[in-house]
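Welcome! Here is a short tour of a protein model, taken topic by topic. Have the structure open beside you as you read.

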Amino acid sequence: MIRFTTAGESHGPALVAIVEGVPAGLPLVAADVDAQLARRQQGYGRGRRMQIERDTVEFLGGVRAGETTGAPIAMRVANRDWANWQDVMDPAPREGDEHGRRRAVTRVRPGHADLTGLLKYDRDDARDILERASARETTARVAAAAVARTLLAAFGVRVGSHLVHLGGIDARPPQPWPGDLNAAADASPLRTLDPEAEERMIARIDAVKRDGNTLGGICEVVVTGLPVGLGSHVSWDRKLDGRLAAAMMSIPAVKGVEIGLGFEAARRTGAEVHDEIVPAPGEARTGGVRRATNRAGGLEGGMTSGEPLVVRVAMKPISTLMRPLGTVDTATGQAAEATAERSDVTAVPAMGVIAEAMAALVLADALLEKFGGDSLTETRRNHDAYILHLAGRLSG
Ligand code: EPS
């Protein structure tokens, strides 16, 4: 199964990701990863930093001649901004500097990890916290997830997303639904499928930026092609909805997750919530049946139903405000205005790509949990045998 970890600071030399458990023989090239990294860098409302960075991956292990070897896949993404921060972020002690520190942050930002991290880790400089709490870290997650996406694609699973809400403005779902969700969403500066709402969202971002303020929003992740039966009902930590929710909530600034109808399900009666089951002979992947609706968002009993997986993820406004909120300076204990470092007005479009990444990592893990395999051939054999077995079930 998939294990992954990341390391690296926002203004350090690089970010790194290590992904373990990927079967051998999966075709993988740097361009697969770079395409995802580029998608994460897009979005109206980002700050100047995204003009500095051009994220590309270097494989340090686990890939040879365009294929995975089964070894841990190690990846490095350089921070171009490191050139401007070497003296601040130098791992070596710096003689002559007071406490060896430059650009220390003590006017901690409300809503950020600055204060809680500084107290917990017993630091005097919140930069030791914010450099890692920074959403820059999600670059490494997207790199790790590009491997997971490549594995899922080999089994016909596609992961996409679009922005459905920004700072008080809803986007309406398009009619008809696009054949390639990400191609449609990536063509929009906000990754939304409602051009009319997008115009109003852009005007709202511009107005809020003039005020030195920030905006949050909601993205919807949609995954198609999943077979019935990933995850499990038998134990709390194997339920796929719980695993997905935990993964989504680990994204910086994310405050809420809904699957299918989500909170709306609580307001309706059972007849208005549950999806009727109808025969669909020949549709082996979904067990020879389909759901007449998909209000459950593709999960029943903590397992995939084979219907599209639909997860909505809510992000709060970024906590770095150019017109700062009141705080306490941790160096003096006195009231102060929070620090106002360069930042984004909104990063909700990027969050959608990151939510796709977390979904891909969880789903690749669940796929390998079900089908196993040390090589792609072995995983495929197990997968295909399961689908063949499903084809022979409810056939009357
Ligand atoms: C971030 C602040 C900004 C963002 C950054 C996340 O960076 P900086 O402080 O260098 O201006 O641009 O996001 C990224 C660098 C990225 O790659 O997404 C923060 O404080 O979280």
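## The largest pocket

Helix α5 contributes the most to the lining of the largest pocket, with 5 residues. Please keep in mind that this is a predicted model, in which local features need pLDDT of at least 70 and side-chain atom pairs count only at pLDDT 80 or more, while totals for chains, interfaces and linings use all residues. Residues are numbered from 1 along each chain as its sequence is written, and side-chain values use heavy atoms, with hydrogens and water left out.

**More on the pocket**

- The largest pocket holds about 1,100 Å³ of space. A pocket is an open set of points on a 1 Å grid over the protein atoms alone, with protein on both sides within 12 Å along at least five of seven lines, and lining residues have an atom within 4 Å of a point.
- A volume is the space filled by probe spheres set on the points, which are joined across faces, edges and corners.
- Of the 46 lining residues, His112, Leu130, Ala133, Ser134 and Ala135 are the closest to the centre of this pocket.
- At least two lining residues come from each of α2 (49-52), α4 (114-120), α5 (127-133), β10 (254-259) and α10. Helices (H or I, at least four residues) and strands (E, at least two) are DSSP runs, numbered from the N terminus.
- The pocket lining has 19 nonpolar, 12 polar and 15 charged residues. Here Ala, Val, Leu, Ile, Met, Phe, Trp, Tyr, Cys and Pro count as nonpolar, Asp, Glu, Lys and Arg as charged, and the others, Gly among them, as polar.

**The cavity**

- There is 1 cavity of 30 Å³ or more, where a 1.4 Å probe fits but cannot get out.
- The largest cavity has a volume of about 40 Å³, and its lining includes Arg109, Pro110, Ser319 and Ala338.
- That cavity lining divides into 5 nonpolar, 3 polar and 1 charged.

**Helix α11**

- Which residues of α11 are buried? They are Leu376, Thr379, His383, Tyr386, Ile387 and Leu390.
- Buried means under 20% relative accessible area, exposed over 50%, and partly exposed in between (1.4 Å probe, protein chains only).
- The buried residues of α11 pack against α6 (138-153) and α10 (348-371), with contact meaning heavy atoms within 4.5 Å.

**Helix α6**

- Helix α6 is mostly covered, with 15 of its 16 residues buried.
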